[in-house]
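Reader: I've got a model open and I'd like to talk it through. Can you take my questions one at a time?

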Amino acid sequence: MAWFSHKYIMHGFLWNLHADHHNKDHDSWFERNDAFFIFYAVVSIGFFLLWQNDILEIGLAIGLGIFAYGLAYFTVHDIFIHQRFKMFRNANNRYAKAVRRAHKMHHKHIGKEHGECFGMLVVPFKYFKQK
């Protein structure tokens with residue numbers, strides 16, 4: 001779902017919110033792209049509330065899934081890859097290097113089209129092989 005959302009929503013009809021993440025056309029620490037964090041947090045909370053009020057039995061599972069992905073995204077993407085907070089700078093194992101390489105290839109394309117590596121945690125094997 002995350003891959004689909006990134007490729008077809010963020011690089012699709014909501015590109016106007018995601019574009020500043022690929023092309024730093026601003027001086028602010030915040031990006032329009034951060035609106036996705038707020039949107040998915042509200043959706044996650046909504047599912048928790050649906051579950052809590054006995055409206056949707058699987059609401060807890062869905063809400064926890066969205067929350068877990070958001071936490072992974074924040075930790076891996078914002079902190080580890082983009083260093084928005086200066087942590088995990090010395091992680092240099094094979095997997096860490098492959099994640100960084102794949103994401104660098106994703107950001108090589110500053111436009112909406114012709115992107116690659118839309119995933120975050122599952123990295124194509126070719127990025128493990130490079131030196």
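**A buried charged pair and its surroundings**

Author: Let's start inside: Arg 84 and Asp 34 are both buried. Keep in mind that this is a predicted model.

Reader: Which residues make up the network of salt bridges?

Author: The whole structure has two salt bridges. Besides the one with Asp 34, Arg 84 meets Asp 78 at 3.8 Å, N to O. The linked residues are Asp 34, Asp 78 and Arg 84.

Reader: Is Asp 78 buried or exposed?

Author: The cut-off for buried is under 20% relative accessible area. Arg 84 comes in at 17%, so Arg 84 is buried. Asp 78 has 10%, so the answer for Asp 78 is buried.

Reader: Which helices do the buried residues of H1 pack against?

Author: The buried set in H1 is Ser 5, His 6, Ile 9, Met 10, His 11 and Gly 12. In a helix, residues three or four places apart point the same way, because there are 3.6 residues a turn. The partners for the buried residues of H1 are H2 (15–22), H3 (35–52) and H5 (94–108).

Reader: What does Leu 14 touch, leaving out residues up to four places away in sequence?

Author: Leu 14 is in the loop between H1 and H2, and it counts as partly exposed because its relative accessibility is 27%. From Leu 14 to Phe 36 it's 22 residues in sequence and 9.7 Å in space, C-alpha to C-alpha. With those sequence neighbours set aside, Leu 14 touches Ile 9 and Phe 36.

Reader: Now the surface. Which residues make the nonpolar patch of about 610 Å²?

Author: Phe 88 is one of them, and it lies in the loop between H4 (59–81) and H5. With a relative accessible area of 43%, Phe 88 is partly exposed.

Reader: What is the phi of Phe 88 near?

Author: Phe 88 has a positive phi, though it's a residue other than glycine. Its loop is the one between H4 and H5. The phi of Phe 88 is near 55°.

Reader: And what about Asp 54: is it buried or exposed?

Author: Asp 54 is in the loop between H3 and H4. It has a positive phi of about 55° although it is not a glycine. At 72% relative accessibility, Asp 54 counts as exposed.

Reader: Which residues is Ala 96 in contact with, leaving aside neighbours within four places in sequence?

Author: Ala 96 belongs to helix H5 and is buried, at 5% relative accessible area. Asn 53 is 43 residues away from Ala 96 in sequence and 41 Å away in space, C-alpha to C-alpha. The contacts of Ala 96, with those neighbours left aside, are Phe 80 and Ala 91.

Reader: Last topic, the record. Where does UniProt place the "transmembrane region" feature?

Author: The entry is unreviewed, and the feature covers two stretches. Residues 35–52 are 100% helix, with end C-alpha atoms 26 Å apart, and residues 58–80 are 96% helix, with ends 32 Å apart. UniProt's positions for the feature are residues 35–52 and 58–80.

Reader: What domain does UniProt place at residues 2–119?

Author: Over residues 2–119 the chain is 64% helix and 0% strand. The end C-alpha atoms of that stretch are 7 Å apart. The name in the unreviewed UniProt entry is "Fatty acid hydroxylase".

Key:
Residues are numbered from 1 along each chain as its sequence is written. This is a predicted model: local features need pLDDT of at least 70, side-chain atom pairs count only at pLDDT 80 or more; totals for chains, interfaces and linings use all residues. Side-chain values use heavy atoms; hydrogens and water are left out. Buried means under 20% relative accessible area, exposed over 50%, partly exposed in between (1.4 Å probe, protein chains only). Helices (H or I, at least four residues) and strands (E, at least two) are DSSP runs, numbered from the N terminus. Contact means heavy atoms within 4.5 Å. Patches are made of residues with over 30% relative accessible area and no salt bridge: like charges are joined within 9 Å, nonpolar side chains (Val, Leu, Ile, Met, Phe, Trp, Tyr) within 5 Å. Accessible areas come from the Shrake-Rupley method with a 1.4 Å probe; for residues, only the protein chains shown count as cover. A salt bridge is a side-chain nitrogen of Lys or Arg within 4 Å of a carboxyl oxygen of Asp or Glu. UniProt positions are given in the numbering used here, feature names are shortened, and annotations may be inferred rather than shown by experiment.
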